[in-house]
Amino acid sequence: MSVAPRAQLFLFLISLSSRMGLSRYIEDNEASDGLYSLLSLDQKRESEDFILRRPLRCLDMLATEGYFTFVASRPQLACATFIIAEPNEVISLELSDVTIDCSAGDFIKMFDGWVLKGEKFPSAQDHLLPLHERYTDYCSSTATGATSRSSQNVAMIFFHIHSSDSGFTLAVKKLHNPFPCNIMSQSPEGSFTMVMPHARRNCSFSIIYPVEIQLTDLSLGQAKSNELSQQRQVWSGCSGSGDFVELLGGNGVDTSKMFPVADLCFSLSGLAQMKIGCDNSVVRLVSSGNYINRVSFQYRLLEGNELPKTRENSLDNFCTVE
């Protein structure tokens, strides 16, 4: 991931976190230092043998492997770290040197996914585990509470520490995922192919930018047509088929709460494109488990003059699509 998109994503998370009530605990110099560390990260990773070690901030984002140590200089009661890997990777987290006081109300919780503005990615409909199993609470499960492994390329930790000089070290490792599902893109442009081989599962590719999405190939178990209409289709038409692709737009991360832009339930070989002027643009593959489904697409960031104009008294005031 290039420096500019990583910095842009970090600033976007800071903006969202301010709406979550986290940023009031973060001083301006901490956010600036965090951005600087991200910008200088590529220089530090030039050596393949280099193991990154650096302090962890109350609000932070990690995009590389390493060891990250947090030591409270004052009570820190609402802290979060967002961890992101490449689309074909999952994340392993391990806590060590933990000196928090669980009996005094301190906690460290690891989450399988991201939580933004109270919404969770992946959504409950798209994740294989029930919500309570996606949390790993260090204080509640001493036997296994020191490790966690994500199901997709994003994970996060929450921590709440009352006493100065208390803290922990977080080890982040990335593992290969042969069948990526529920991906958060690090970049506003790129290409990807989602494949679901005979599994009843929903997979989303989420891009936290307004983008143009171009579908280049779509192979579903039951081809129903060889023509593509870019107009919005009747929602029940494709959802009843069991195997389809939908394009979603919204200003949150929970796909079940996003606006359906289009759905496709027939195989496609060729180019189809759509501009989605939202904070979050999603390609979602729904599979019945009876077939091998595949969707390939490209995406790029919309320029300012490409963003659709808002219209009064409609959903487009909240999130415009075109």
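Y299 is buried in the predicted model, with a relative accessible area of 8%, where buried denotes under 20% relative accessible area, exposed over 50% and partly exposed the range in between (1.4 Å probe, protein chains only). F205 is likewise buried, at a relative accessible area of 1%. Residues are numbered from 1 along each chain as its sequence is written, and side-chain values use heavy atoms, without hydrogens and water. Because the model is predicted, local features need pLDDT of at least 70 and side-chain atom pairs count only at pLDDT 80 or more, whereas totals for chains, interfaces and linings use all residues.

Rings of Phe, Tyr and Trp (its six-membered ring) pair if their centres lie within 6.5 Å, with planes under 30 degrees apart counted as stacked, over 60 as edge-to-face and the rest as tilted. Ten aromatic pairs were found by this rule. One of them, between F205 and Y299, is tilted, at 5.4 Å centre to centre and 55° between the planes. This pair links distant parts of the chain, 94 residues apart: F205 belongs to strand 15 (residues 202–207) and Y299 to strand 21 (residues 292–301). Strands are DSSP runs (E, at least two residues), numbered from the N terminus. F192, F205, F297 and Y299 form one aromatic cluster.

Strand 15 also pairs with strand 20 in the antiparallel sense, over six bridges; strands pair if DSSP finds at least two bridges between them. In this pairing S204 stands opposite R284. Strand 17 (residues 244–250) pairs antiparallel with strand 20 over seven bridges, and F244 stands opposite V286. Seven of the seven residues of strand 20 (residues 280–286) are buried.

Definitions and conventions: Helix = DSSP H or I, 4+ residues; strand = E, 2+ residues; numbered from the N terminus.
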